[in-house]
Amino acid sequence: MAIIQGKDGACVLPSGNAALINTWSATFSHVVNDFTSFGNTGMVRQLGLPDIQGSAGGFMETGSSKDISLFGSEESSKTGQHTIGAAGAAMTLTIASGCTIVFSAIIDTISINSAVAGDASVTFNFQMSDANGATVAWDD
């Protein structure tokens, strides 16, 4: 058994959102359906569709290929980004080599920060938008 270290992680955002990513987190959940009916003496619930929501953060970069699609209107070729009505686009979360989660996601919120000490950080909040669900690879 090998212990996974954070330095081996990575995050590939949907195209059009460039940053030096140094942290990400994701919450894996299911919709809970309530099937409680008259006559039940306790709650009756079943798990429904899976979901992934989370954030990725790091530092902004400059250069023509290093854009961040704040409103999606800057460049029409940026799909799946912070644009009303945008469909999801490919996203990959890597925990370590051979341990990945790949799914289609939308970026619903982008937070940027510039501090006098020199930081120019960015955080992307994402939600899964994938009818087929995520593909998980885990190197055993």
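Predicted model: local features only at pLDDT ≥ 70, side-chain atom pairs only at ≥ 80, totals over all residues.
**Entry 1, the β5 and β6 pairing.** I looked up how these two strands run and found that β5 and β6 are antiparallel and joined by nine bridges. Within this pairing I picked out T109, which stands opposite N125 in β6.

**Entry 2, the other partners of β5.** I then turned to β4 and found that it runs antiparallel to β5, with seven bridges joining the two. T92 has V102 in β5 as its bridge partner. β4 and β5 also form a hairpin, here with two residues between the strands, and G98 in that turn has a positive phi of about 85°. I also checked strand β7, residues 135–137, which pairs with β5 in the antiparallel sense over three bridges. In that pairing I noted I101, whose bridge partner in β7 is V136.

I followed β6 to β3 and found seven bridges between them, with the strands running antiparallel; here Q53 stands opposite Q127 in β6. I next looked up strand β2, residues 20–34, which pairs with β3 in the antiparallel sense over 13 bridges, and I noted that A26 has G54 in β3 as its bridge partner.

I asked myself which residues of the largest nonpolar core touch the most other members. The core has 18 residues, and those that touch the most other members are L13, M91, L93, F103, F124 and F126. When I looked for the strands that supply this core, I found that β3 (45–59), β4 (89–96), β5 (99–114) and β6 (120–128) each give at least two residues, while β5 gives the most, with six. As a general note for this entry, nonpolar side chains in soluble globular proteins tend to be buried together.

I looked for aromatic pairs and found that the structure holds one. F103 and F126 form this pair, which is tilted, with 6.0 Å from centre to centre and 45° between the planes. Because F103 lies in strand β5 and F126 in strand β6, the pair ties together parts that are 23 residues apart in sequence. I checked burial for both residues: F103 is buried at a relative accessible area of 2%, and F126 is buried at 1%. Leaving out residues up to four places away in sequence, I listed what F103 touches, namely I52, A89, A90, M91, L93, F126, M128, D130 and A134.

Are T94 and I110 buried or exposed? T94, which lies in strand β4, counts as buried because its relative accessibility of 15% is under the 20% limit. Apart from neighbours within four places in sequence, T94 is in contact with D8, G9, A10, W24, C99 and T100. I110, which I placed in strand β5, also has 15% relative accessibility and counts as buried. I lastly compared I110 with S55 and found 9.4 Å between their C-alpha atoms, although the two residues are 55 residues apart in sequence.

Notes
Residues numbered from 1 in each chain as written. Heavy atoms only, no water. Core = buried A, V, L, I, M, F, W, Y, C linked by side-chain atoms within 4.5 Å. Buried < 20%, exposed > 50% of the residue type's maximum accessible area, 1.4 Å probe, protein only. Helix = DSSP H or I, 4+ residues; strand = E, 2+ residues; numbered from the N terminus. Contact = heavy atoms within 4.5 Å. Phe/Tyr/Trp six-rings, centres within 6.5 Å; stacked < 30°, edge-to-face > 60°. Pairing = 2+ DSSP bridges.
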